[in-house]
Structures are given as C-alpha cells and as structure tokens.
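Hi,

Here is the structure I promised to pass on.

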Amino acid sequence: MDQPSAPAADEQLADVRRLVTGATQRLLGATIAVTDEQWAAPSRLPRWSRAHVATHLARQADGLTRLVEGAAVGEHRTMYSSREARDAEIEAGARRTGLELQSDLDTTAGRLTEAFERLDHVGPSATTGWTASVEMRNLVAPARLLPLARLFEVELHLVDLDVGHEVSDVDAASAEWLLEWFAFRATARDEFPRVELRASSGFTTTVGSVGGPVVVRGSAPALLGWLTGRTDPDAVEGAGGLRMPSL
C-alpha cells in the first residue's frame with residue numbers, strides 16, 4: 001500500500017472511517033434480534049459459535065483502541081497481552097447472553113470511534129498521531145491504517161455470523177479497500193502466490209510474490225470473497241483450483 005500525500009491520506013482516512021461507521025451500524029442492526037440460542041449456534045467459522053465471533057470483534061475493537069491510545073502519547077502498546085490471553089477472553093465471552101454480547105459490540109465500537117476522534121487532535125510526528133507506527137499482530141503499520149483493519153474485521157465477520165449478510169452485500173468501495181488491505185498484509189508473508197486482481201470496476205491490485213502472476217477477474221466483492229475463502233472460486237474468473245492462504 002503506497003504512502004499517499006498528506007492531503008490524500010487525510011481524505012482516504014476520512015473515507016474509510018465513514019465506511020467503518022456504516023459497517024458497524026449494519027453489524028449492530030443485523031444482530032439485535034439474534035436470540036440466545038442463535039448466538040450459541042455455530043457460525044460459518046470452524047469451531048466458533050456466533051458468540052465467539054461477536055466476542056472476537058469486541059476484543060479486536062479493544063485491541064485497536066489500545067493501539068490508538070498508544071499512538072496518541074507516543075507509547076508502544078500491544079493489541080493483546082498474549083495470544084493465549086486473547087483466546088481465553090474469546091472462550092469466556094462466548095458463554096454470555098445475547099444482551100451482553102450486543103452491549104459489548106456496541107460499547108467497544110463506540111470506544112474505538114472515540115479514540116479515533118481523539119487522535120485527530122494529536123499533532124502528527126514520527127511517534128504520535130495518525131503517522132505513528134503501531135504493531136498489530138505480526139504487522140507494523142502507520143496508525144492511519146487501523147480503521148481499515150477494523151473495516152476488514154467487521155465486514156467479513158458479519159458474513160461469518162450468518163445472519164443474512166453475504167460478501168456480495170459488501171459495497172464496492174469497501175471491497176476495494178479490503179482487497180488493498182489484504183494485499184498489504186500479504187507482503188509480510190512469503191507463501192502467497194502472485195495474483196493480479198482485476199475488478200470489473202477497473203480497480204486492480206496484486207497480492208503475493210511467489211511464481212508467475214495469475215490474473216483473477218470479478219466484481220470487487222466477489223474477489224474479496226474468493227481471496228478470503230468465503231465464496232466459491234466459480235464466483236470469479238481465472239482462479240481455477242488456486243486457493244489462497246489465510247491471513
């Protein structure tokens with residue numbers, strides 16, 4: 001993901017944050033009527049119930065909030081104290097009622113939004129503000145990419161919750177941003193085949209670096225679904241039997 005000019009970066013950041021707000025509203029609206037029994041039922045993710053997915057989303061919001069607060073004061077902070085602690089929190093949280101889960105999703109998303117807003121008032125420097133480097137899981141990136149990390153989680157896990165929202169329902173603008181985010185994250189990994197993604201809208205990006213390029217075409221949401229293993233390869237053109245590693 002190329003480093004944009006300051007005005008362009010500000011505009012992109014504002015656009016992504018608006019998309020995060022919309023995705024969060026859809027998440028809360030789609031889950032408000034889910035019953036306790038439905039929360040305990042399996043999600044589309046192996047071994048996780050819907051309650052596991054919701055708890056993961058809430059804890060991810062908390063983790064991103066910690067990173068944003070660290071960027072505000074120039075301190076290095078981690079999303080989670082450890083992988084084991086994160087997993088334990090998700091397991092414990094998955095045993096809660098629907099009301100508790102919904103409240104957790106709402107309040108943690110609100111705290112993250114407030115942290116983003118506070119960071120707007122911090123002067124950018126090498127160690128503070130939106131230009132500060134933060135350490136996500138296995139990735140170091142500028143803080144301005146944190147809203148994009150949140151958008152990725154909310155949009156895809158809303159699909160995983162299996163409450164009526166499909167990858168095809170992701171708007172094209174969000175899908176294109178998420179393809180860029182996937183490509184950016186994949187640069188830190190050496191097992192991704194080189195794939196050139198060509199969306200019907202004209203958007204293009206390249207994921208991975210191993211081998212000769214494979215061109216895969218489709219709508220941006222379809223490409224996102226294939227890339228993340230949430231739709232069949234038949235939804236796009238050129239994928240064949242190619243299956244991408246998970247992030």
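Before the notes, one term: when I say two residues touch or are in contact, I mean that they have heavy atoms within 4.5 Å. Also keep in mind that this is a predicted model.

Let me start with the core. The largest nonpolar core holds 70 residues. Those with the most contacts inside it are Met136, Leu146, Trp181, Leu197, Val207 and Trp226. Take Met136: leaving out residues up to four places away in sequence, Met136 touches Leu67, Met79, Ala141, Leu146, Ala149 and Trp181. Two of those partners, Leu146 and Trp181, are themselves on the list of residues with the most core contacts.

Next, Phe182, which sits in helix α7 (residues 172-186). Its relative accessible area is 2%, so Phe182 counts as buried, the cut-off being under 20%. Which residues does Phe182 contact, once its neighbours within four places in sequence are set aside? They are Phe152, Phe192, Val207, Leu227, Thr228, Pro245 and Leu247.

Leu224 brings us to helix α8 (residues 220-227). How many of the 8 residues of α8 are buried? The count is 8 of the 8, so this helix is largely enclosed by the rest of the structure. By name, the buried residues are Ala220, Pro221, Ala222, Leu223, Leu224, Gly225, Trp226 and Leu227.

Now for the helix packing around α3 (residues 50-73). With helix α5 (residues 98-119), the axes come within 9 Å and cross at roughly 20°. That angle is under 35 degrees, so α3 runs roughly parallel to α5. The crossing is left-handed. By class, the residues of this contact divide into 16 nonpolar, 3 polar and 6 charged.

The pairing of α3 with helix α4 (residues 83-93) is another one to check. Here the axes come within 8 Å and cross at roughly 130°, which makes α3 oblique to α4. This crossing is right-handed. On the α3 side the residues are His52, Thr55, His56 and Arg59, and they meet Arg86, Glu89, Ile90, Glu91 and Gly93 of α4. The contact has 1 nonpolar, 4 polar and 4 charged residues.

Finally, two backbone spots to look at. Arg47 lies in the loop between α2 (36-40) and α3, and its phi is near 70°, a positive value in a residue other than glycine. Is Arg47 buried or exposed? Its relative accessible area is 78%, so Arg47 is exposed, given that exposed means over 50%. Asn138 sits in the loop between β1 (133-136) and β2 (139-142). Its phi is near 60°, again a positive value in a residue other than glycine. Asn138 is exposed too, with a relative accessible area of 76%.

Happy to go through any of this with you.

Cheers

Technical notes
Residues are numbered from 1 along each chain as its sequence is written. This is a predicted model: local features need pLDDT of at least 70, side-chain atom pairs count only at pLDDT 80 or more; totals for chains, interfaces and linings use all residues. Side-chain values use heavy atoms; hydrogens and water are left out. Axes are lines fitted to C-alpha atoms, for helices over the stretch in contact, and angles run from 0 to 180 degrees between N-to-C directions. Helices (H or I, at least four residues) and strands (E, at least two) are DSSP runs, numbered from the N terminus. Angles under 35 degrees count as roughly parallel, over 145 as roughly antiparallel, 65 to 115 as roughly perpendicular and the rest as oblique. A crossing is left-handed if the near helix is turned anticlockwise from the far one by less than a right angle, and right-handed if clockwise. Ala, Val, Leu, Ile, Met, Phe, Trp, Tyr, Cys and Pro count as nonpolar, Asp, Glu, Lys and Arg as charged, and the others, Gly among them, as polar. A nonpolar core is a set of buried Ala, Val, Leu, Ile, Met, Phe, Trp, Tyr and Cys residues joined through side-chain atoms within 4.5 Å. Buried means under 20% relative accessible area, exposed over 50%, partly exposed in between (1.4 Å probe, protein chains only).
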